[in-house]
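Keep the structure open beside you as you read.

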Amino acid sequence: MKYYKVIIVGSGFGGQSAAVNLQKNGIDDFIILERRSFMGGTWCQNTYPGAAVDVQSLLYSLSFESYQWSRMFATQKELADYTHHVIEKYQLREKTKLNATVQSANWVAYEKRWQVKLENGEVYAAQFIINATGPLSTPKIPEFEGLNTFEGNYFHTNQWDHKFDYQNKKIAIIGSGASAIQVIPAIADTVKQLHIFQRTPHWVLPKPDFKFPSFIQNLLRFKPIYKAARYLTYWLLESRVIAFKYSEFARKLFAENKAKRFIKKSFSDPAFRKKVTPDFSIGCKRILLSNNLYPTYQKDNVSLHTKEQGIKKITRNGIETIDGQSLDLDLIIFATGFDAATSIVSYEVSGKNSKHLREFWEAYPRAYLGTVVPDFPNFFIITGPNTGIGHTSALFIIESQMNYILTAIQQVDRENHKSIEVKKDAEIEYTKLIHTEMEQTVWKSGGCKSWYQSKSGHVIAMFPGFSFNYYRLAKNFKKNHHTFE
Ligand SMILES: Cc1cc2nc3c(=O)[nH]c(=O)nc-3n(C[C@H](O)[C@H](O)[C@H](O)COP(=O)(O)OP(=O)(O)OC[C@H]3O[C@@H](n4cnc5c(N)ncnc54)[C@H](O)[C@@H]3O)c2cc1C
């Protein structure tokens, strides 16, 4: 059995941030376990046509590694290049074991360490685990009657089959969320027929994207300029919280009315306008950014099927719809999202007294600072419950979490302890605060059902407030909220 001080599970930006921060603080005794045959997470896995970030790249990047971005919103290819740049620069490849799917983690109380089992039977041990398995890493395909009888091809956007030539093919895409709206314009001109199955329309705003002229790219080489631009972007985006949480008036004025005008300008047909207009408040689900989605919806070879024209069943040849159409298809693309609620930690975790994390989260997932759970000592969850953010970069929160995690580990080392655990009262108080604050937000009261919510109705994905408030909470380590052994 191999023993490490820290095991990091997952090699996306969360795992990379953890690894680099450990290195910078003199902790080299760690390993990254990654289930895939390649490193990098989100941007190396989601290679579907049109994939791109919807947060300005200057901010959607790790604070310790600047980059000469080629445009305001990087495409998947550039983000994958950036990821590889980080991996190479900090020599993370040497620290990573690929094809290493973690199956379970058990706390061995008398040794005060975790035992980690892989799917292939290997066993590792570590004092600390930093879980960075990603909130949107495990694709979800809902059950459809007849899917197993379909004789064409099908795959999820997260597992795009680049060997499949979609040119001139008859294709259905199921879903109309963040990934779908990027794939649709990217393939529509090439395919013969594209059927879009939209359960609910989403609010869409224009994407203020553009290629950086070379002088801006050159300026980005200078750290102070890069930092200043990043800082400015951060504060511009941060102001959006006012609309998400504090002011319905601002939300309507600056976002919903703009989105409605965008619909009106894009479609002349009132029936089509109705088809694409959501019945919930803007922001309740992720606001989508696209300049070419609406024109694509109106192309001759594209049909938009609403809920009433939705899928009755999948057949040998294609899809039978509720309103009696029978569609012949070569390919079905599932843009059906991720198993966000149940895959915050994608393996079994058994803590003190054999308590299971899944059981603790049965009512709804919760964690102190979205990072630690009572009875699970030395176990840190990056992008845990209520650490999601709709208005700014997820990486800002990930890096804020790292401040807390590092302080916690350093505290254990400094005082010659072996373990740290959050107190039950501290977790309860924090969770109460989160869900009280959540009451005011559009995610709770905006009139939609989204993956932000658990089955219980609690909003478990989002942090209900300014990201600088989260940063402050995570930075301000409260020793009295923890027990040490
Ligand atoms: C298509 C897409 C677009 C997105 N766009 C944005 C955006 O515009 N802005 C934004 O802020 N956020 C966006 N996100 C959210 C994104 O998930 C985060 O920004 C960030 O990349 C999360 O990094 P991560 O390291 O936590 O997770 P990931 O990048 O998902 O990495 C998790 C890693 O853990 C590995 N893993 C999982 N389970 C196991 C296991 N049991 N054993 C071993 N390894 C395991 C996975 O294989 C993966 O490599 C997007 C997500 C997706 C999927």
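Start with H1 and H12, whose axes come within 10 Å and cross at roughly 40 degrees. Keep in mind as you look that this is a predicted model. As for handedness, H1 and H12 cross in a right-handed way.

So who is doing the touching? On the H1 side you'll find Phe 13, Gly 14, Ser 17, Ala 18 and Asn 21. Facing them from H12 are Leu 395, Ile 398, Glu 399, Met 402 and Leu 406. Sort the residues of this contact by class and you get 6 nonpolar, 3 polar and 1 charged.

Now stay on H12, which spans residues 394-414, and look for its other partner, H15 (residues 467-475). Here the axes come within 7 Å and cross at roughly 15 degrees. That angle makes H12 roughly parallel to H15. The crossing of H12 with H15 is right-handed.

For this contact, H12 puts in Phe 396, Ile 397, Ser 400, Gln 401, Asn 403 and Tyr 404. H15 answers with Ser 467, Tyr 470, Tyr 471, Ala 474 and Lys 475. The tally by class for H12 with H15 is 6 nonpolar, 4 polar and 1 charged.

Next, head back to H1, residues 13-24, and turn to the ligand. Which helix gives the most to the shell around the ligand? That's H1, with 3 residues. In total, 34 residues surround the ligand, and the closest are all glycines: Gly 10, Gly 12, Gly 14, Gly 41 and Gly 134. By class, the ligand shell has 14 nonpolar, 16 polar and 4 charged residues.

Finally, zoom out to the domains. Domain 1 is pieced together from 2-39, 92-138 and 339-484, while domain 2 takes in 147-202 and 286-334. Their C-alpha centres lie 35 Å apart.

Methods: Residues numbered from 1 in each chain as written. Predicted model: local features only at pLDDT ≥ 70, side-chain atom pairs only at ≥ 80, totals over all residues. Axes fitted to C-alpha atoms, helices over the stretch in contact; angles between N-to-C directions. Helix = DSSP H or I, 4+ residues; strand = E, 2+ residues; numbered from the N terminus. Parallel < 35°, antiparallel > 145°, perpendicular 65-115°, else oblique. Left-handed = near helix turned anticlockwise from the far one by under 90°. Contact = placed C-beta atoms within 7 Å. Nonpolar A, V, L, I, M, F, W, Y, C, P; charged D, E, K, R; others polar. Near = placed C-beta within 6 Å. Domains from an automatic or database assignment.
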